Amino acid sequence: MRITVTGGTGFLGRRLVKRLLADQHAVHLLVRKVKTGFGPEVDCSVWDGLEMEPAPEALEGAEAVIHLAGEPVAQRWTPAAKERIRRSRVEGTRLLVGALERQKQRPAVLVCASAIGYYGSRGDEVLTESSEPGHGFLPEVCREWEAAADEAERLGIRVVKLRFGIVLGSEGGALAQMLPPFRWGVGGKIGSGQQWMSWIHAADAAELIAYALRCAELRGPVNACAPNPVRNEEFTETLASALRRPALFAVPERALRILYGEMAEVLLASLRVTPEAALRAGFVFRYPELGPALRNLLMAERPKAA
Ligand SMILES: NC(=O)c1ccc[n+]([C@@H]2O[C@H](COP(=O)([O-])OP(=O)(O)OC[C@H]3O[C@@H](n4cnc5c(N)ncnc54)[C@H](OP(=O)(O)O)[C@@H]3O)[C@@H](O)[C@H]2O)c1
């Protein structure tokens, strides 16, 4: 299959592209800079994701489009950063869908990233794809982002919106940020530690994207999280035990708010999300439990550390 991918140079995108190439798909990247770090097996076109639609040739012949691009959310949310986070997703998706509208031969499916940030922070409530959205900056961005992707349905394209939980991988994302303090033995729970964390192993995240391409039953919002979310306290203990380090410390909420401002809400949010749609569609998680997922990822780390 010929697949066009945005955000293919990112943490999740790199893993996904390798996964798609292993399945003999032809991958075409839409990137802001030509230097992608991939070899000649991956061709690319430049698209800034903000000002104009991708060139028609860049989407010609695409049977599927995977849209992952977006300004990183994990940064201090200054007004300018918030605008970059919102625009890169909402305008970016609108421009992409606009370009798809102009194609004579449209792709069958658009798989668009979204985030469980859609739900806000919900305490112990079990959240499924039909749960109401939350309130605040991130839920609003996710709502607009998903609505922009939904426009492709009008064009006869099946749209799958993957609401990713915390993607755990050794090459980047949240785990790479958490590992140094835990390795030094100064890691610990965040705030009360009672907040729920919905996570997914990066291998399952890439696999679920590939599954969404071929599973015609999947359509609309799909929670991309393992079926066993854990409280932050349990996450902390499981990570510390996988590293054989103590986790005696606790990061006070106040410190996080001082350090990260409004973005601290993301780190403190309680999200107990269940992947109802993916399970119903027959997706099998390779890493449904946190312990084996973390041990696998830390094993993958070891040769690099040696
Ligand atoms: N990782 C997670 O835990 C997680 C959780 C929930 C949701 N998600 C969502 O899943 C998607 C992929 O996540 P990721 O962790 O792989 O992200 P990432 O590593 O930050 O990569 C995203 C890609 O988006 C492009 N990009 C960055 N800033 C941009 C901007 N200002 N305007 C347009 N494009 C920009 C870059 O590609 P080029 O430079 O090649 O253009 C970058 O490689 C993101 O949309 C993210 O919000 C991720």
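I counted eleven helices and 15 strands in the protein chain, taking helices (H or I, at least four residues) and strands (E, at least two) as DSSP runs numbered from the N terminus. I then looked up the radius of gyration: it is 19 Å, close to the 19 Å that the globule rule gives for 306 residues, so the chain is as compact as a globular protein of that length. The radius is taken over C-alpha atoms, and the rule is 2.2 Å times the number of residues to the power 0.38.

I kept in mind that this is a predicted model, where local features need pLDDT of at least 70, side-chain atom pairs count only at pLDDT 80 or more, and totals for chains, interfaces and linings use all residues. Residues are numbered from 1 along each chain as its sequence is written, and side-chain values use heavy atoms, with hydrogens and water left out.

Next I checked helix α3 (residues 79-101) against helix α4 (residues 137-150): their axes come within 8 Å and cross at roughly 10°. The axes are lines fitted to C-alpha atoms over the stretch in contact, with angles from 0 to 180 degrees between N-to-C directions. The two helices are therefore roughly parallel, the word for angles under 35 degrees. Among the residues that meet are Ile85 and Val90 of α3 and Phe137 and Trp145 of α4; contact means heavy atoms within 4.5 Å.

Last, I visited His25, in the loop between α1 (11-22) and β2 (26-31). At 18% relative accessibility, His25 counts as buried (under 20% relative accessible area, 1.4 Å probe, protein chains only). Beyond its neighbours within four places in sequence, His25 touches Met1, Ile3 and Leu20.

Terms used: Parallel < 35°, antiparallel > 145°, perpendicular 65-115°, else oblique. Buried < 20%, exposed > 50% of the residue type's maximum accessible area, 1.4 Å probe, protein only.
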